[in-house]
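Dear colleague,

Please find below the sequence and the structure that I am handing over to you. My notes on what was found follow directly after.

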Amino acid sequence: MWYLDTLPKGNYAIIDRVEERTAADPISARLCELGFVPGESVKIVATGPVGADPIAVTLGTSRFALRKGEAARIVLRRPV
Amino acid sequence: MASPTPSLQADSTLHIALVGNPNCGKTSLFNQLTGSRQKVANYAGVTVERKEGFFSTPQGRSIRVLDLPGAYSLSSTSPDEDVTRDVCLGRHRTETRPQLLIGVVSATNLRLHLRFLLELRELGVPIIVALNMMDEAKRNGMSIDIAGLERDLGMPIIPVISLHKQGVQPLLEALDRPVPPPPAPSPSGADLHAEVRRLIQTYVTDRSAGQERLVDRLDRWFLHPVWGPVILLVVLFVMFQTVFAWAQPLMDALEGGITMLGELLLRPLPDGVLKSLLADGVIAGAGMVIVFLPQILILFLWILALEESGYLPRAAFLLDRLMALAGLSGRSFIPLLSSFACAIPGIMAARTIQNPRDRLVTILIAPLMTCSARLPVYTLLIGAFIPHKTVLGVLGLQGLVLFALYAVAIVSGVIAARIMTRGVKSEEHPLLLELPPYRRPNLKSLALGLWQRAVMFLSRVGTIIVSLNVLLWGLSSFPLPPQGATGAAIDYSLAGRIGHLMLTIFAPIGFNWQICVSLIPGLVAREVAVSALATVYALGVSEDAAPEKLLPLLSSQWSIATALSLLAWYVYAPQCISTLAVMRRETRSMKIVLGATAYLFGLAYFAAFVVFHLTKAITGEA
């Protein structure tokens, strides 16, 4: 299993799915609404100054800052 | 006869609402449409800002527009989004459902914004789409088949550029045409993401894909693990330098001007109660309100500019880890830092924190950040009781104590925040922060934003401060001292009596009655306590000379334990009515204000008690 919080900076990957940590996880739901859905490609553009947390992710034309715990809900696959 | 059209009804004003994602340019569109004809207030019962404006179309149709809070979806996660959802669904308690929605989408971020638009399409309300930032999208090498997209969506699309007046002209003209019929909803169960992808593939050509944009180049510096924090430090340094350096002369001038004006106005009056009420109650209170204004405006000029430029979310990104220590997010940093100047602008700056829990905790710990008004008290007591000597060769003991007072306050703030952020709401609390593209701040928006802050502060907070000041004046002046009295006038007043009564509570932490009495006028503003002490000791000196005269007196009359105890008290005590007034205004809850007052006084008492008895034990005083 390969998650967004372990994607090295500068590399692209494709979102495979978003996992739920709890039943009806509100964070997973919000991630989906923000466009973190299967098939989209993501890239890490920056990491925070302390402990490389949070991370800045580009997703299509938007970019978001996620804490690692949030990013760890997003399962990735390699781009083809 | 045909059924009456809306224009024939009694209320011919068309009610519309702007809806869209955060960062779609909704607010600048709102500002362009309405100019200064806006009313800013709060939605009933919540601390969400309600912005309503009025304008008329070229053909004279009058329109009332609501600028709904930015939302990512109708399945809300915050009080802001609740308001947007309820108004759109026609479920809001006090707002009527708008007759027409303007769905604002940014052409530069269609992938995100179209999804929310598709959600709005399900509502069965007429929608006009304002396709914003077309100029920027074109510059980025994007072209959009607007006619095709319009047909596919079943909603009229009007390209707008919300940065200037001409840019919103097409929308004004569209509002002169009859309200379009509500769009047909998408087939139920449709995957909105797939639908967005299809729309973009069909109608949008993006020649910029894969090219480096401005945002990439800037983020490489601003979010850099080393350069990012360095740039942030420089920005913050310049920011607070200007807050202090630019505001101070303005504040001094205003203070002088008000005093002069007061003397000029009151000269014809005979000395007596009325003159004293007007001078020390009303004019001094109003002066105190106005004196805060330069600091608030300069700080807000910065905050608004940083917010509009897109830098503020980056600062929050850089500081997130640091603030997570206190259980907060990076957004709380600037309000807390501002509170070192004064908690009032700090608490007002907490508006930029979207998360309601973070906002509340930030407001509650802001008074613990040592504001500049505590310095006169600290300086007086340190000067009187801490020996002027060096320790460890280089460090001055007095400076060390001052530093310790600041450090203790910060550490207490962090601990208090940690305690408040755990417990019931201990579930994971997300950052999920959008980093919008960088934009040049719009002067008109900045000016409007500053104007609104100024009006809000003067009218809402100002009235509370002036009335409380008058009340405290009354307490400190009545009853008048009897004929031939020798002591200080305040000693005979209600405040004096209360001060003596307070002694039973405050004696265990080492306060004498003079301190207790001076605490009451000190509620007006912390630094007033110094001149109040001078009054109580019947020094009869001007405010400026008070510290020099007090210094030897205090060091001979007070024990060191009492002095340190008072210092500890000042680190925590909410000795400032203006702060409580602004807290009341921003949280709209007396319960929160009373809770904050109780916890801060509790901490103050506890700290003073511990310090007093520890010092006594160490110095071996009776």
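The contact between the two chains takes 25 residues from chain B and 28 residues from chain A, where two residues are in contact if their C-beta atoms, placed from the backbone, lie within 7 Å. On the side of chain B that touches chain A, the elements giving two or more residues are α3 (110–121), α9 (227–266), α11 (311–324) and β12 (433–434) of chain B. Helices (H or I, at least four residues) and strands (E, at least two) are DSSP runs, numbered from the N terminus. The most is given by α11(B), with four residues. By class, this side of chain B has twelve nonpolar, seven polar and six charged residues; Ala, Val, Leu, Ile, Met, Phe, Trp, Tyr, Cys and Pro count as nonpolar, Asp, Glu, Lys and Arg as charged, and the others, Gly among them, as polar.

Please note that this is a predicted model, in which local features need pLDDT of at least 70 and side-chain atom pairs count only at pLDDT 80 or more, while totals for chains, interfaces and linings use all residues. Residues are numbered from 1 along each chain as its sequence is written, and chains are lettered from A and ligands numbered from 1 in the order in which they are written.

Chain B as a whole

Chain B contains 25 helices and twelve strands. Its C-alpha atoms fill a box of roughly 90 × 60 × 45 Å, taken along the principal axes. Of the 622 residues in chain B, 42% are buried; a residue is buried if 20 or more other C-beta atoms lie within 10 Å of its own, exposed if 12 or fewer, and partly exposed in between, with C-beta atoms placed from the backbone. Among contacts in chain B between residues at least 6 apart in sequence, 71% join residues at least 24 apart.

The domain assignment of chain B gives domain 1 (6–211) and domain 2 (460–619), with bounds that come from an automatic or database domain assignment. The C-alpha centres of these two domains lie 53 Å apart.

The nonpolar core

The largest nonpolar core has 182 residues. Such a core is a set of buried Ala, Val, Leu, Ile, Met, Phe, Trp, Tyr and Cys residues joined through C-beta atoms within 7 Å. The members that touch the most others are Ala56(A), Ala17(B), Leu18(B), Val19(B), Val129(B), Ala130(B) and Ile347(B). Helix α10 (residues 273–309) of chain B provides the largest share of this core, eleven residues. Domain 1 and domain 2 of chain B both give residues to the core, so it lies between them. Leaving aside its neighbours within four places in sequence, Ala17(B) is in contact with Val65(B), Leu66(B), Leu68(B), Val87(B), Pro98(B) and Leu101(B).

Helix α1 of chain B

In helix α1 (residues 26–34) of chain B, nine of the nine residues are buried, so this helix is largely enclosed by the rest of the structure. Gly35(B), whose phi is positive, near 60 degrees, follows α1(B). Ser28(B) is found in this helix and is buried, with 25 other C-beta atoms within 10 Å. Not counting residues up to four places away in sequence, Ser28(B) touches Ser162(B), Leu163(B), Asn442(B) and Ser445(B). Ser28(B) and Ser309(B) are 281 residues apart in sequence and 13 Å apart in space, C-alpha to C-alpha.

Two helix pairs of chain B

The axes of α14 (residues 356–365) and α16 (residues 397–421) of chain B come within 10 Å and cross at roughly 145 degrees. Axes are lines fitted to C-alpha atoms, for helices over the stretch in contact, and angles run from 0 to 180 degrees between N-to-C directions. Val361(B), Leu364(B) and Ile365(B) of α14(B) make the contact with Gly413(B), Ala416(B), Ala417(B), Met420(B) and Thr421(B) of α16(B). These residues divide into six nonpolar, two polar and no charged.

The axes of α24(B) and helix α25 (residues 590–619) of chain B come within 8 Å and cross at roughly 145 degrees. The residues of their contact divide into six nonpolar, two polar and one charged. Leu580(B) is found in α24 (residues 577–587) and counts as buried, with 23 C-beta neighbours inside 10 Å. Leaving aside its neighbours within four places in sequence, Leu580(B) is in contact with Pro574(B), Val593(B) and Thr597(B).

With kind regards
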